[in-house]
Amino acid sequence: MSMLMQGASRLARQCIRPLIAARNFAAAAPYGDGNEVLVERLDGPQTGISVIGLNRPAAKNSFSRGMVETFTDVLDDIKKDNGSRVVVLRSLTPGIFCAGADLKERKGMTPEEATEFVKELRALLIAIEQLPMPVIAALDGAALGGGLEMALACDIRTAASNTKMGLVETRLAIIPGAGGTQRLPRILSPALAKELIFTARVFDGAEAKDLGLVNHVVQQNESKDAAYQQALKLAEEILPNGPVGVRMAKLAIDKGMQVDLATGYSIEEICYSQVIPTKDRLEGLAAFAEKRKPVYKGE
């Protein structure tokens, strides 16, 4: 068995391993010393949706060292939370999703410190990408540089039609360094990714939809949260489905995209084998036979 398939098998087992009991927050809870990253676990019919809110308005939600550290702690918690079936990533700052790295802080870094910071930021976005449950990015404001790279690390993207986005790093004589040069060509195509990165082009949500960069584009509303509301609708569509099955489907797709088709089939087989012994699979069959809605528990 290849190292990749061994890794997929290990991750598949981890995804269905009994996890810590879900904490139930009806209100947004801060992490770290400040309120730069807030987590809200929704309740009622939206129970199972965890919302991560970026809240650094004075710096346009740009990534500082402290914010990266806090965000990493948030992801570590959510990864272990069996009650989080879908994650929505949004901004709590009107008009901006994330402006990328904090350039004021970056200016004071030595080359060695800048290299280490980019490494930590890349690890953060990989952690978003590798969350076992679906992650939906809601772009109600500008997503530039590292901000768009963060959105690319999510499984699904929604955007307001007037949202500005782009990988603009070459304007600063650098490159997208938090995964953008790798994710964008995989989502679009190598030639199109090169054009967008070489030109540092900024485009809006409607253009992003035409490119295939976002799944849904919506007209912005008066409360400036149209993309977030669309993301919640998608999350609500996912919620009724078996959480283990959803996690295994995500893992099979993500790992399968990295290999040839034959190996991808083997990864799919590994992931499918993990759902066979689950109580949820039996509940799905029973509910179908009894003509009722299934009640899945992630077991």
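Colleague: Which helix supplies the largest share of the lining of the second largest pocket?

Modeller: Helix 3 does, with three residues, where a lining residue has an atom within 4 Å of a pocket point. This is a predicted model, in which local features need pLDDT of at least 70, side-chain atom pairs count only at pLDDT 80 or more, and totals for chains, interfaces and linings use all residues. Residues are numbered from 1 along each chain as its sequence is written, and side-chain values use heavy atoms, with hydrogens and water left out.

Colleague: What makes the residues that line the second largest pocket nonpolar, polar or charged by class?

Modeller: Ala, Val, Leu, Ile, Met, Phe, Trp, Tyr, Cys and Pro count as nonpolar, Asp, Glu, Lys and Arg as charged, and the others, Gly among them, as polar, so the lining divides into 16 nonpolar, five polar and seven charged residues.

Colleague: Which residues of helix 12 are called buried?

Modeller: Buried means under 20% relative accessible area and exposed over 50%, with a 1.4 Å probe and protein chains only, and in helix 12 the buried residues are D280, E283, G284 and A287. Because they cover an arc of only 105° around the axis, taken from the directions to the C-beta atoms, they lie on the same side of helix 12. The face turned away from that buried side carries the exposed residues L282 and A289.

Colleague: What do the buried residues of helix 12 pack against?

Modeller: The buried residues of helix 12 pack against helix 10 (243-256), contact meaning heavy atoms within 4.5 Å.

Note on methods: Helix = DSSP H or I, 4+ residues; strand = E, 2+ residues; numbered from the N terminus.
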